[in-house]
Amino acid sequence: MHTGTLRNVWYVGALTSQVPVSGLKSVLILNEPVLLFRDSHGKTSALRDICPHRGIPFSYGRVVKDQVECPYHGWKFDGGGVCREIPSLCSGQDLDCTKIKVKTYPVIERQGLIWVFMGEKGFDPARIPEPPLMNSLPLDVKPRLHEIATFECHVDHAVIGLMDPAHGPYIHKSWLWRSEKSMIEKTKRFGPVDHGFRMLQHKPSANSKAYKILGGEITTEITFRLPGVRIEHIRVGKRNFYSFTGLTPVNDKQTVIHQVMYWDIPWLGVIKPFLKWFMHYFLYQDIDAVNKQQEGLKFDPSLMLIRDADTQAKWYYALKDEWENHLKENREFRNPVKETELRWRS
Ligand code: FES
Ligand SMILES: [Fe+2]
């Protein structure tokens, strides 16, 4: 079972709104400091956030004329990681600064998300699929709501917690929507999708009150994709509501969650403050559970995955294994998930 963190995949580095024009933002992904910077034309680049001269993080510097200026001695680097200027050089000192380079990371930015490719040296990102999209919404759609938080746990526990259907009535208890008293037996159909699986389109369960605020004819489908993306797509008639969750490993012990909501349902703007509160409340219930879980995990206990409530977690591990194997063996990805029905009470 693969219990490490995946490489050669796209991770959410930040939201578009976190990197202003001519601005910088430093993030840690897989224990590597990554600098996101946006030039005056709006193009985003990602560089290793360490100056090759003396190692100070660029993120203490600034963007000058579409280049990153190191705060220490003012060396300037473009978005391709090439050094363009060393201010201390005198005339006649013929050091070719363009020979000095900083590691760069491929970036894809759309739908308000900045994705960073964390590849091994020489690995071509074209070998793997691009990050997922909210299919019914345009590429330039802006998130309506977002929340960013850190889970003090390995990405696997964050992913498993995210897809775990059985913790709802215990962790997400609330007078507003549910308690363990309202548990009912559920049957959901699942099928494979690109590097993941999907709880196929269905009407929400009778005891899932949260959906009721949307009114009308509602269906939902929930897709999980490696390395740690969950997209719930709720259709309300012809309109759409998306809840996107991207998990990014900071290191082996911390995971950043980007939770983003999108919709094209005009009247939802009215209850936006309520949705924001709801999203925050829900997320911090999960964070609280994960933090308490760490107290037990410190002792490295052996753990269990039961069927069917934990089958999705088993799929996740199987997908990770296949991910590594297909890259190692240089072959097509063979999705280990088969279409099936899972049953649990929640
Ligand atoms: S440390 Fe960056 S320019 Fe000197
Ligand atoms: Fe949860």
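Is W263 buried or exposed? In this predicted model, where local features need pLDDT of at least 70, side-chain atom pairs count only at pLDDT 80 or more and totals for chains, interfaces and linings use all residues, residues are numbered from 1 along each chain as its sequence is written. Side-chain values use heavy atoms, with hydrogens and water left out, while chains are lettered from A and ligands numbered from 1 in the order in which they are written.

W263 has a relative accessible area of 2% and is therefore buried (under 20% relative accessible area, with exposed over 50% and partly exposed in between, for a 1.4 Å probe and protein chains only). F241, at 8% relative accessibility, also counts as buried.

Rings of Phe, Tyr and Trp, the last by its six-membered ring, are taken to pair if their centres lie within 6.5 Å, and planes under 30 degrees apart count as stacked, over 60 as edge-to-face and the rest as tilted. By this rule there are 17 aromatic pairs. One of them is formed by F117 and F123, which are stacked at 6.0 Å centre to centre with 25° between the planes, and both F117 and F123 are buried. The rings of F241 and W263 are stacked because their centres lie 5.7 Å apart and their planes stand at 5°.
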